[in-house]
Amino acid sequence: MKIPGVPPAELADLNRAQDRLSFIYLERCVIHRDSNAITTTDDKGVTHIPAATLGVLMLGPGTSITQQAMMLLADNGATAVWVGEHGVRYYAHGRPLARSSRLLVAQAAAVTHRDRRLQVAREMYRMRFPGEDTTALTMQQLRGKEGARVRRSYREHAKRTGVNWNNREYNPDDFTDSDPVNQALSAAHACLYGVVHAVIVAVGASPGLGFVHTGHDRSFVYDIADLYKADITIPVAFDIAASGSTDIGADTRRAVRDRIHDGAFLSRCVRDIRTLLLNPGPTGPIDEEWLDEEAESDTVRLWDDSGYELTSGRNYGGEADF
């Protein structure tokens, strides 16, 4: 019997996570499907967005999306994220691209083993302090170094842009209840979290199994995003604050989008996640690794306490050994 509906795309036909657009934020529009494109309709007309090129579609207030559009996003491995005004609140996300559990199993094994978890956490800090040896530092020492690094970054960009800086203050319930640079920081970080979240689920890892952050369903998102704030969101926020923008949320989102695109961010993020979770880390080009693993991973197997994985879809009843 033929299964009704349009069959999903083959894995080999999908754009890899690192080759996609980082994110597109939509609000106050109707989202539908036209062939292999997502369409957005508002008072300015209809816009077509190729679904296969999307990493994450951020759905803001006033958006209405059809089942056909969601089916297209799912078939093409794009992540739909429902967010609040200015994109600063995260509510939910749709189906990821990955079908392999390799990274998820490696992540779970590492986060539940104290020494391995500490090793990954130290590697995360090492990425922020190139040229420094973090192998003997405790978590308390690493947190202290990180706090000093972030404060120094704020001061440097305040001096560079001439923006008055006191400290990081914001009201999560009121975006406008802070000064322009803090509004820009909130909007920039929200974009970064959305993109990092999309990459994490796209490659098959868990957003909730963090190494530095813990106890939250986005702990690993915050772990990975912290690797890039000093390079991406902090300078962008101070630039927007210095520009005298009258629409900080929108201008910040566009600036983060441009910074991510110009810096080949998706490829960098994918590589960093894989390097952190796989032990030993990957050595070949991302493209070859991704294609080789995904081509072989769209299967379900059975675990056995002997250490072997068995083929599923078979009836093993009555077989003495296999």
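1. Helix 4 passes helix 7 in a right-handed crossing, where right-handed means that the near helix is turned clockwise from the far one by less than a right angle. The model is predicted: local features need pLDDT of at least 70 and side-chain atom pairs count only at pLDDT 80 or more, while totals for chains, interfaces and linings use all residues. Residues are numbered from 1 along each chain as its sequence is written, and side-chain values use heavy atoms, with hydrogens and water left out.

2. Two packed helices are described by the angle between their axes and the distance between the axes. For helix 4 (residues 139-161) and helix 7 (residues 233-243), the axes come within 10 Å and cross at roughly 30°. Axes are lines fitted to C-alpha atoms, for helices over the stretch in contact, with angles from 0 to 180 degrees between N-to-C directions.

3. Which residues in helix 4 and helix 7 meet? From helix 4 come Ser153, Tyr154, His157, Ala158, Arg160 and Thr161, and from helix 7 Ile234, Pro235, Phe238, Asp239 and Ala242. Contact means heavy atoms within 4.5 Å. The residues of this contact divide into six nonpolar, three polar and two charged.

4. The protein has ten helices and ten strands, which are DSSP runs (helices H or I, at least four residues; strands E, at least two) numbered from the N terminus. Of its 322 residues, 46% count as buried, that is, under 20% relative accessible area with a 1.4 Å probe, protein chains only.

5. The largest nonpolar core has 55 residues, and Val196, Phe220, Ile224, Phe265 and Ile273 have the most contacts inside it. Such a core is a set of buried Ala, Val, Leu, Ile, Met, Phe, Trp, Tyr and Cys residues joined through side-chain atoms within 4.5 Å. Helix 5 (residues 180-202) gives the most to this core, with twelve residues. Apart from this core lies another, of 14 residues, among them Ile38 and Leu54.

6. Tyr228 has its place in the loop between helix 6 (219-225) and helix 7. Is Tyr228 buried or exposed? Tyr228 is buried, because its relative accessible area is 0%. Leaving aside neighbours within four places in sequence, Tyr228 is in contact with Thr233, Phe265, Arg268, Cys269 and Asp272. The C-alpha atoms of Tyr228 and Cys269 are separated by 9.1 Å, although these residues are 41 residues apart along the chain.

7. Thr39 lies in strand 3 (residues 37-42) and is buried, with a relative accessible area of 8%.

How values were computed
Ala, Val, Leu, Ile, Met, Phe, Trp, Tyr, Cys and Pro count as nonpolar, Asp, Glu, Lys and Arg as charged, and the others, Gly among them, as polar. Buried means under 20% relative accessible area, exposed over 50%, partly exposed in between (1.4 Å probe, protein chains only).
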